[in-house]
Amino acid sequence: MSQKEWWNARFSDDKEIMRQGLQAATAKILTDKLWVENLPEFGQVAESAVGSRVIDLGCGYGQLSLFFEKLGACVTAVDFSENALAVLKSHSSNIKTKVLDITKPLPFDDEDFDIVIANLSLHYFSEFDTRNAITEAKRILKKDGFLVGSVVSTEEWEFVKHRGTFQEIEPNHYHEIFDSGRTKHIRFFSRDCINKFFGDFEFLYLENKFEQRMGKSKGAWEFIARRK
């Protein structure tokens with residue numbers, strides 16, 4: 001099963017969420033909707049958001065897309081799940097949406113955006129695809145623009161490794177097999193991995209901590225960075 005197929009099936013299963021709408025869904029499972037507000041350096045990002053061009057890579061239901069829209073940004077939301085984007089489009093007519101694979105070349109100009117969001121969307125891929133996705137994020141981000149996001153950590157791996165069936169593909173990159181028979185890939189980031197993949201960015205804030213994400217406690221590196 002491809003990543004696209006997995007996520008379309010995942011979002012398709014959430015029919016109750018689709019019926020309730022994004023606001024009710026957020027109250028139930030998207031409890032990380034405003035996690036960025038708690039980051040010490042987020043004030044700089046919020047100030048720059050007014051009138052800025054923002055892209056949300058792997059937006060899911062688009063909770064952060066909506067949040068940045070409310071800050072006054074012009075937002076483009078990207079995901080390769082049509083089902084996820086359908087929820088977002090039903091709640092905002094202003095946010096532009098595109099069905100795209102973020103590991104492939106993106107149809108945007110160099111330095112097209114002031115802020116790139118990558119919230120729990122960069123940790124599903126091989127090393128090759130991870131590098132491609134981060135390289136594209138850098139390419140479309142203006143110099144000194146902000147990269148705001150998070151990736152799951154190796155501390156999360158220690159928490160979940162006994163909970164399911166995992167087959168290691170590459171160091172820290174696993175094939176996860178669910179009881180339903182569905183499978184997906186997931187990468188767990190150590191501090192060394194952060195350095196390796198994000199070397200073209202200067203971190204203004206970086207912390208590894210457990211927070212409520214999608215209704216569950218999840219260990220993740222949260223960051224605000226600038227493109228060098």
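Modeller: Let us begin with a definition: a charge sits over a ring if NZ of Lys or CZ of Arg is within 6 Å of the ring centre and within 35 degrees of the ring normal. Please keep in mind that this is a predicted model.

Colleague: Which residue has its charged end over the ring of F113?

Modeller: That residue is R53, whose charged end lies 4.6 Å from the centre of the F113 ring. The cut-off for the distance is 6 Å, and R53 is counted as sitting over the ring.

Colleague: What makes F67 and F68 an edge-to-face pair?

Modeller: Two rings pair if their centres lie within 6.5 Å, and planes over 60 degrees apart count as edge-to-face. By this rule there are 17 aromatic pairs. For F67 and F68 the centres are 5.8 Å apart and the planes stand at 80 degrees, so the pair is edge-to-face. Aromatic residues also form a cluster, made up of F189, F197, F198, F201, F203 and F223.

Colleague: Why are F67 and F68 called buried?

Modeller: Buried means under 20% relative accessible area. F67 has 10% relative accessibility and therefore counts as buried; F68, at 0%, counts as buried too.

Colleague: Which residues have a positive phi although they are not glycines?

Modeller: E111 has a positive phi of about 55 degrees, and L120 also has one of about 55 degrees. E111 belongs to the loop between β3 (96–99) and β4 (113–119), while L120 is in the loop between β4 and α7.

Colleague: Is L120 buried or exposed?

Modeller: L120 has a relative accessible area of 12%, so it is buried. For E111 the value is 38%, which means that E111 is partly exposed, since that term covers what lies between 20% and 50%.

Colleague: Which residues of α7 are buried, and why are they said to be on the same side?

Modeller: The buried residues of α7 are T130, A133, I134, E136, A137 and I140. They cover an arc of only 155 degrees around the axis, so they lie on the same side of α7. In general, an α-helix has 3.6 residues a turn, so residues three or four places apart point the same way.

Colleague: What makes a set of residues a nonpolar core, and how many residues has the largest one?

Modeller: The members are buried residues of the nonpolar kinds, joined through side-chain atoms within 4.5 Å. The largest such core has 29 residues, and L147 and F198 have the most contacts inside it. Elements giving two or more residues to this core include β1 (53–57), β5 (141–152) and β10 (216–227). Its largest share, 4 residues, comes from α7.

Colleague: Why is V151 called buried?

Modeller: The relative accessible area of V151 is 0%, so this residue is buried. V151 is in strand β5, and its C-alpha atom is 5.8 Å from that of H123, 28 residues away along the chain.

Colleague: What makes P171 exposed?

Modeller: Exposed means over 50%; P171 has a relative accessible area of 63%, so it is exposed. P171 is in the loop between β6 (165–170) and β7 (173–177). In strand β6 itself one finds I169, which is partly exposed at 42%.

Colleague: How many disulfides are there?

Modeller: The count comes to 0, where a disulfide would require two cysteine sulfur atoms within 2.5 Å. As for cysteines, C59 is buried at 6%, whereas C74 is partly exposed at 33%.

Technical notes:
Residues are numbered from 1 along each chain as its sequence is written. This is a predicted model: local features need pLDDT of at least 70, side-chain atom pairs count only at pLDDT 80 or more; totals for chains, interfaces and linings use all residues. Side-chain values use heavy atoms; hydrogens and water are left out. Rings of Phe, Tyr and Trp (its six-membered ring) pair if their centres lie within 6.5 Å; planes under 30 degrees apart count as stacked, over 60 as edge-to-face and the rest as tilted. Buried means under 20% relative accessible area, exposed over 50%, partly exposed in between (1.4 Å probe, protein chains only). The arc is that of the directions from the helix axis to the C-beta atoms.
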